Amino acid sequence: MTPAEFEAALAQIGWKKADFARATDTNQTTISRWMNGHNPVPVWVPAHLNLLIDLQSMHDKHLTPPPKPDKTAA
């Protein structure tokens, strides 16, 4: 996973690096190093983010109420 892919995945789930750091008990400095390309993103990170993206998708599909019908459309 490239730094840009990592950043895009965080954006897709609406998280900041601080959110990911808290959720994974990872130091924010470490995450900054991944994002700046100073250290490689560990292999577990893409798997973790993919699960979060899948959960977000399922939530949006199944737990978000459907939109109300448009009363102006005839």
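## Confidence of the model

This is a predicted model, and its protein chain has an average pLDDT of 91, with 97% of the residues scoring at least 70. Among the elements of the protein chain, the lowest mean pLDDT, 93, belongs to H4, while the highest, 95, belongs to H3. Where pLDDT is low, the predicted coordinates should not be read in detail.

## Helix H4 and its two sides

Helix H4 takes in residues 44-62, 19 residues in number, and from its first C-alpha to its last it reaches 27 Å, which is close to the 27 Å expected at 1.5 Å a residue. Within H4, the residues Val45, Pro46, Leu49, Leu52 and Ile53 are buried.

The partners against which the buried residues of H4 pack are helix H1 (3-13), H2 and helix H3 (28-35). On the other side of H4, by contrast, Leu51 and Leu55 are exposed, as are Lys61 and His62.

## Thr24 in helix H2

Thr24 belongs to helix H2, which covers residues 17-24. With a relative accessible area of 17%, Thr24 counts as buried, because this value falls under the cut-off of 20%.

The side chain of Thr24 is joined to that of Thr26 by a polar contact of 2.8 Å.

Methods:
Residues numbered from 1 in each chain as written. Predicted model: local features only at pLDDT ≥ 70, side-chain atom pairs only at ≥ 80, totals over all residues. Heavy atoms only, no water. Helix = DSSP H or I, 4+ residues; strand = E, 2+ residues; numbered from the N terminus. Buried < 20%, exposed > 50% of the residue type's maximum accessible area, 1.4 Å probe, protein only. Polar contact = N/O pair within 3.5 Å; in protein donor to acceptor, adjacent residues only side chain to side chain. Expected span 1.5 Å × (residues − 1). Contact = heavy atoms within 4.5 Å. pLDDT = per-residue confidence, 0-100.
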